[in-house]
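Dear colleague,

Please find below the structure that I am handing over to you.

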Amino acid sequence: MKEQIPAIQTEALARIATAADERSLDDVRVAVLGKKGTLTLVAAGMKDVPKEDKAEVGQLLNAARTTITAAFEEKLRALQELTDRAALAGIDVTLPARIVSAGVLHPLTQIRDEAIGILRRMGFALADGPEIEDEFHCFDALNTPADHPARNEKDTFYFDSGKLLRTHTSSVQIRTMETATPPVRIIAPGSAYRRDEIDATHLSVFNQLEGLYVAGDVSLPDLKGTLEYFLHELFGPQTEVRFRPHFFPFTEPSFEIDVKLTVKGQAPRWIEVAGCGMVDPAVFESIHNNRKDNAFNPEQVTGFAFGMGLDRLAMIRWGIKDIRLLIENDVRFLKQFA
Ligand code: DAH
C-alpha cells in the first residue's frame, strides 16, 4: 500500500498535466478521487493496514490527496482561462462600449398616467368602453338630438353598419351607468375620433379623459372643487383656472374650463382644457328607463361629468406649440421627455 500511493499520485499528476479540456480533466478527478477512484479505494483499505503503519500511510494518503487536488484546481483554472481567451479572440476589448439608449414614456402616456394618479387618489376608479360605438351610446343616451352637428357625416367617422368611431369618451358614462350602482366615481381615458381638418391644434384621433361622479347629493361646488384641485395638482397651485358657461347636451349647467398658459417669450393666454357640468336629468332618465331597478332614478341621483383633452394637457405642461408633434414619433422631439 505504501508503494501504491506514490504510484497513483505520479500517474494522476501526469494525466492532469496532459488533460486537454475541462471534461477530460474531470474524468481524471473521478478516476482518482471519485467514489470508486483509485485513491479512494486505497483509503478504504486503511482498515487492513497494520497498526504501527497506520500513521505513516495516513499521512501519505492525505499528502497525495492534497497534492492531486491542488494540481487539479490549478489545471482547471488554466483551462478556464484558455476558454475565456478563445471566446474573446477577435473581440477588441479596448473599443468604447456601444451606447444602449433606453426608451422613455411618450409625453402623452406620462401626462395620462399622472392625471389618472391624481384622480385615483381622489377616489375615481378606471372604466372603459369601446372605440367603435353606436349612436345610442355616443349621442342619444347623452341627450344629443338627431340634428346636432356632432352627428353629421362630415364631422364623424361612420361605418356602413351605422356604427361610428366615438367622437368623445362621454359614451363611457352611459356604458358605466348601464351596469353600475351609485355611488359611481369613474374616469375613462381613451381615444376619440373626429373628421377635423388637421392643423396645429387638431388631429382626427385625439385623447380624452372622461370623468363621472353620481351619488345622492352631488353639487356644483363638488364639481368646481374637484377640477380645480385636479388642475392645481397637475400644473401647480399657482395655475389660474376659469370656468366659462357653455352648452353641452348632456350637462346642465355646463362649462368649459380654461387654464392660463404662460410660455416664456409669449403673451399669457387662456387655453381650453375641458368641458364639464352637472349631469342632465335627461341622461339619468334614459338609463332609468332601460334598467329594471331604481338605481338612476333622476329624482334620486345627481352627478357631475367632465371630459378633458389629454393632448391639450400635454401641450400646456411642456409648452408644445403643435399637436402633430405628439404623433410624429420623431426621436429628436421625444427624447426631450426623458
Ligand atoms: N364630450 C365633450 C367633448 O368631447 C366634453 C365634455 C363636456 C365631457 C362636458 C363631459 C361633460 O363629460 O360633462 O367636447
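The notes below describe the domains, the ligand site and some features of the backbone.

This is a predicted model, in which local features need pLDDT of at least 70 and side-chain atom pairs count only at pLDDT 80 or more, while totals for chains, interfaces and linings use all residues. Residues are numbered from 1 along each chain as its sequence is written, and side-chain values use heavy atoms, with hydrogens and water left out.

The protein chain is assigned domain 1 (4-88) and domain 2 (107-337); such bounds come from an automatic or database domain assignment. Between the C-alpha centres of domain 1 and domain 2 there are 78 Å.

Around the ligand there are 15 residues, of which the closest are H168, S170, R194, Q208 and E210; a residue counts here if one of its heavy atoms lies within 4 Å of the ligand. By class, this shell holds 5 nonpolar, 8 polar and 2 charged residues. In this scheme Ala, Val, Leu, Ile, Met, Phe, Trp, Tyr, Cys and Pro are nonpolar, Asp, Glu, Lys and Arg are charged, and the others, Gly among them, are polar.

The side chain of S170 has an N or O atom 2.9 Å from a nitrogen atom of the ligand. In the side chain of E210, an N or O atom is 2.6 Å from an oxygen atom of the ligand. F306 contributes a backbone N or O atom, 3.3 Å from a ligand oxygen atom. Taken alone, the ligand exposes 350 Å², and the protein buries 90% of that area (Shrake-Rupley method, 1.4 Å probe).

Which elements give two or more residues to the shell around the ligand? They are strand 5 (205-215), strand 8 (269-279) and strand 9 (302-309). Strands (E, at least two residues) and helices (H or I, at least four) are DSSP runs, numbered from the N terminus.

Lastly, the backbone. Most residues other than glycine have a negative phi, and most peptide bonds are trans. The bond from P182 to P183, however, is cis, with omega near 0°; P183 is in the loop between helix 7 (171-179) and strand 4 (184-193). The bond from E252 to P253 is cis, with omega near -5°, and P253 belongs to strand 7 (residues 251-261).

Definitions and conventions:
A polar contact is a pair of N or O atoms within 3.5 Å; within protein, one must be able to donate a hydrogen and the other to accept it, and residues adjacent in sequence count only if both atoms are side-chain atoms.
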